[in-house]
Amino acid sequence: LAVKDPTAVERANLLNMAKLSIKGLIESALSFGRTLDSDYPPLQQFFVVMEHCLKHGLKVRKSFLSYNKTIWGPLELVEKLYPEAEEIAASVRDLPGLKTPLGRARAWLRLALMQKKMADYLRCLIIQRDLLSEFYEYHALMMEEEGAVIVGLLVGLNVIDANLCVKGEDLDSQVGVIDFSVYLKSDDDIGGKERDVQIAAILDQKNYVEELNRQLNSTVSSLHARVDSLEKSNTKLIEELAIAKNNIIKLQEENHQLRSENTLILMKTQHHLEATKVDVEAELQTYKHSRQGLDEMYNEARRQLREEAQLRQDMENELVVQVSMKHEIELAMKLLEKDIHEKQDTLIGLRQQLDEVKAINVEMYQKLQVSEDAMKEKNEIISRLEDKTNQINATMKQLEQRLQQAEKAQMEAEAEDEKLKQEYVNKSESLQNEFSQKEKQLLQLETDLKIEKEWRQTLEDDLQKEKETVSHLRTETQEIVNLKKEFLKVQEKNKQLKSICEDQEAALQELASKLSESKLKIEDIKEANKALQGQVWLKDKEATHCKLCEKEFSLSKRKHHCRNCGEIFCNACSDNELPLPSSPKPVRVCDSCHAILIQRCSSNVP
């Protein structure tokens, strides 16, 4: 016979005890109430079992006075691996009543359970086995697969809410002994299957809510990414505006140069006219002194005057053309300034829209938190619907009969499947032959593609050279046209963002309407609970007479107990009945608080 490894047996026993303690804690918490105190016995047993699991296979560490063997060392590693655990470690170190490392470890486990992150913290430890090997032996539970199984079981404890007072407890001197009598089977465990079904349904609902929260977080992150892209596009537009301003400054400098050239041309023409006038006057004086040959000189002078007049007219026409060009340049400058002012106004509008989008994101986050609180309150309402599961059990029996019939039909379908498998084998052989032929065709096509790619690259190089020559010949007006196109694209993106924001506002309005309805229902329930506080159920022995008719209970007059106000009535007095959609028969209702009555045995009848 093969001898079993004692460490493997210890690991299996600890894993089974962890399963039993976690299962018992979840079942008792669902029946007793979701919020648990530190005095709750199943919760104390759970912490004892977790201590034993963490102590299994610990290495002994030498110190100056004695040998230490505590679980605080590996738990202290979580602070380095998981940044969110720094708060727990700091609060545990600051607790005044703790003196031993074992007490700190117990306080750490209680705080991790209250945060609902015990499974996440221990999972980080299990992944880093190189670090764990400093504290545990190779055969320890935390180093083997059983540790991963226990971490998976701890995820189920997120259903429970625990309110534990760690500050006043004496965690250093507690003795961790497992009470096996709690986990022994009894007659009360007959309804365990029904509880398992209820717990599974509640866990499914919780997983659904968590998936919804993850989807909402993903939508919020996508909105943040879009806002970042818009900010980047705005910075690009600002840079392009700066470039346009530099171009305008260059045009103004060229305009000043043209004006200076015009003034120089005017000065030259004036000097030339003055010189011609001086020459004419000299010729007239010579004409008075000597009239011989004046006719010839006069004709030559007239010719020169005509030529100079024509030159003057040509110069004046050129000046008119230059003045008209100057006016056109000034008009173009004014139009450019108007376009720049309009673009600045649009940029200001886009910034305002970005601020509005950020404010909407903040409101979305706040409303998400409000919806999470509402979902927690709805989970409490779900516990009241557990009574309806008893009616579903009857329908389950009918479904089992139908399953038997379906199994017979399945046997017949399996015989037909075998015939179809043979046909598929024949078809697969033919397909393989066709596949080999197509592979050959692919090789030929790949060679053709390589040749075409090389030819295409040469053409692309030629095209790039031509594009470079064309880009040098483009004027500054084309840059302004490109700016207008980009501005239109920004306007289209702005319209798309507005439509998305409107859709999100409509979704938020629907969520707000649903939340308002749930809040009204919760307020009605709270008012009813406040009115019923302080009232206690009567015992069966004390309730011997009806509260309304004051007659003694008997076989003919049976007891009907109100689950809210605690009053007991007889059959004759509790005649109020209401039809319910979940029950085939009408239900009796209390006269004072209108709650459902429960029929109970009288004290005289066994």
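How many helices and strands does the protein chain have? The chain has 12 helices and 9 strands, where helices (H or I, at least four residues) and strands (E, at least two) are DSSP runs numbered from the N terminus. This is a predicted model, so local features need pLDDT of at least 70 and side-chain atom pairs count only at pLDDT 80 or more, while totals for chains, interfaces and linings use all residues. Residues are numbered from 1 along each chain as its sequence is written, and side-chain values use heavy atoms, with hydrogens and water left out.

**The whole chain**

- Of the 606 residues in the protein chain, 25% count as buried; buried means under 20% relative accessible area, exposed means over 50%, and partly exposed is in between (1.4 Å probe, protein chains only).
- Take the contacts in the chain with a separation of 6 or more: 72% of them come from residues 24 or more positions apart. Contact here means heavy atoms within 4.5 Å.

**Helix 3 against helix 4**

- Two packed helices are described by the angle between their axes and the distance between the axes.
- Helix 3 (residues 72-81) and helix 4 (residues 86-94) pack at about 130°, with their axes 8 Å apart. Axes are lines fitted to C-alpha atoms, for helices over the stretch in contact, and angles run from 0 to 180 degrees between N-to-C directions.
- That angle makes helix 3 oblique to helix 4 (under 35 degrees counts as roughly parallel, over 145 as roughly antiparallel, 65 to 115 as roughly perpendicular, and the rest as oblique).
- On the helix 3 side, W72, E76 and E79 do the touching, and they meet E86, A89, V92 and R93 in helix 4.
- The residues of this contact split into 3 nonpolar, no polar and 4 charged. For the sorting, Ala, Val, Leu, Ile, Met, Phe, Trp, Tyr, Cys and Pro count as nonpolar, Asp, Glu, Lys and Arg as charged, and the others, Gly among them, as polar.

**Helix 4 against helix 5**

- Helix 4 also packs with helix 5 (residues 101-115), at an angle of about 140° and with the axes 10 Å apart.
- Helix 4 and helix 5 are therefore oblique to each other.
- From helix 4, E87, I88, S91 and V92 meet R104, A107, W108, L111, A112 and Q115 in helix 5.
- Sort the residues of that contact and you get 6 nonpolar, 2 polar and 2 charged.

**Nonpolar cores**

- The largest nonpolar core has 62 residues, and F46, W108, M118, L122, Y136, L154 and L157 touch the most other members. Such a core is a set of buried Ala, Val, Leu, Ile, Met, Phe, Trp, Tyr and Cys residues joined through side-chain atoms within 4.5 Å.
- Several helices each supply at least two residues of this core, including helix 1 (6-32), helix 2 (41-55), helix 6 (118-127) and helix 8 (145-154).
- Ignore the neighbours within four places in sequence, and L154 is in contact with I22, F46, M50, M118, A119 and L122.
- A second, separate core of 9 residues includes V227, L230, M364 and L497.

- K116 sits in the loop between helix 5 and helix 6, and has a positive phi of about 60° although it is not a glycine. K116 is partly exposed, at 32% relative accessible area.
- R123 belongs to helix 6 and is partly exposed, at 44%.
- L548 is in the loop between helix 12 (476-532) and strand 5 (559-562), partly exposed at 49%. L548 and C573 are 25 residues apart along the chain, and their C-alpha atoms are separated by 6.8 Å.
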